[in-house]
Amino acid sequence: MEISGIISAIVIGVIIGVLGRLVVPGRQRIGVLWTILVGIAAALIGSAIATAFGVADTEGVDWIEWLIQIGLAALGVTALDRARGRQ
């Protein structure tokens with residue numbers, strides 16, 4: 001992976017992580033770094049799922065891929081928040 005790919009994955013991961021965190025109601029007890037890491041993972045996994053379903057490359061904005069990624073980020077933020085809440 002080239003440096004531009006890594007930088008774009010981080011930027012997209014930040015956006016996806018923040019959007020996923022905004023979707024989850026209430027206050028989350030995880031930090032910004034965890035949000036970014038969850039967002040990066042959700043972006044990568046969401047892209048793979050969208051590619052598997054054939055909706056990754058469409059004309060214009062790939063809304064379905066974005067929704068999958070944001071949904072995965074919301075699930076990740078919720079799971080991490082609940083795991084940290086039990087400690």
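This is a predicted model: local features need pLDDT of at least 70, side-chain atom pairs count only at pLDDT 80 or more; totals for chains, interfaces and linings use all residues.
Spanning residues 63-85, α3 has 23 residues, and the distance from its first C-alpha to its last is 32 Å, close to the 33 Å expected at 1.5 Å a residue. The buried positions of α3 are Glu-65, Gln-69, Ile-70, Ala-73, Ala-74, Val-77, Leu-80 and Asp-81. These buried residues pack against two partners, α1 (3-23) and α2 (32-53).

Helix α2 can be read in the same way. With 22 residues at 1.5 Å a residue, α2 should span 32 Å, and its end C-alpha atoms, 31 Å apart, agree with that. Buried in α2 are Thr-35, Val-38, Gly-39, Ile-40, Ala-42, Ala-43, Gly-46 and Ala-50, and the buried residues of this helix pack against α1 and α3. Just after α2, Gly-54 adopts a positive phi of about 75°.

Each pair of helices can now be taken in turn. Two packed helices are described by the angle between their axes and the distance between the axes. For α2 and α3, the axes come within 8 Å and cross at roughly 140°. That angle makes α2 oblique to α3, and the crossing of α2 past α3 is right-handed. On the α2 side, the contact involves Trp-34, Val-38, Ala-42, Ala-43, Ile-45, Gly-46, Ser-47, Ile-49 and Ala-50.

For α1 and α3, the axes come within 7 Å and cross at roughly 65°. Here too the crossing is right-handed, with α1 passing α3. From α1, the contact draws on Ile-15, Ile-16, Gly-17, Leu-19, Gly-20, Arg-21 and Val-23. From α3, Trp-66, Gln-69, Ile-70, Ala-73, Ala-74 and Val-77 take part.

The remaining pairing is that of α1 with α2. Their axes lie 7 Å apart, and the helices pack at an angle of about 105°. This makes α1 roughly perpendicular to α2. The α1 residues in this contact are Ala-9, Ile-10, Ile-12, Gly-13, Val-14, Ile-16, Gly-17, Val-18 and Arg-21, and their counterparts in α2 are Thr-35, Ile-36, Gly-39, Ile-40, Ala-42 and Ala-43.

Between the C-alpha atoms of Ile-40 and Leu-80 the separation is 14 Å, and the two residues are 40 apart along the chain.

Charged side chains come next. Side chains of opposite charge can pair when their charged atoms come close. The model holds one salt bridge, in which the side chains of Asp-81 and Arg-29 meet at 3.8 Å, N to O. The pair joins distant parts of the chain, with Asp-81 in helix α3 and Arg-29 in the loop between α1 and α2, 52 residues apart. The two partners can also be placed by accessibility. Asp-81 has a relative accessible area of 11%, so it counts as buried, the cut-off being under 20%. Arg-29, at 46% relative accessibility, is partly exposed.

Another aspartate belongs to the other loop. Asp-57 lies between α2 and α3, and with a relative accessible area of 75% it is exposed, the threshold for that class being over 50%. Asp-57 and Gly-13 are 44 residues apart in sequence, and their C-alpha atoms are 19 Å apart in space.

Definitions and conventions
Residues are numbered from 1 along each chain as its sequence is written. Side-chain values use heavy atoms; hydrogens and water are left out. Helices (H or I, at least four residues) and strands (E, at least two) are DSSP runs, numbered from the N terminus. The expected span of a helix is 1.5 Å times one less than its number of residues. Buried means under 20% relative accessible area, exposed over 50%, partly exposed in between (1.4 Å probe, protein chains only). Contact means heavy atoms within 4.5 Å. A salt bridge is a side-chain nitrogen of Lys or Arg within 4 Å of a carboxyl oxygen of Asp or Glu. Axes are lines fitted to C-alpha atoms, for helices over the stretch in contact, and angles run from 0 to 180 degrees between N-to-C directions. Angles under 35 degrees count as roughly parallel, over 145 as roughly antiparallel, 65 to 115 as roughly perpendicular and the rest as oblique. A crossing is left-handed if the near helix is turned anticlockwise from the far one by less than a right angle, and right-handed if clockwise.
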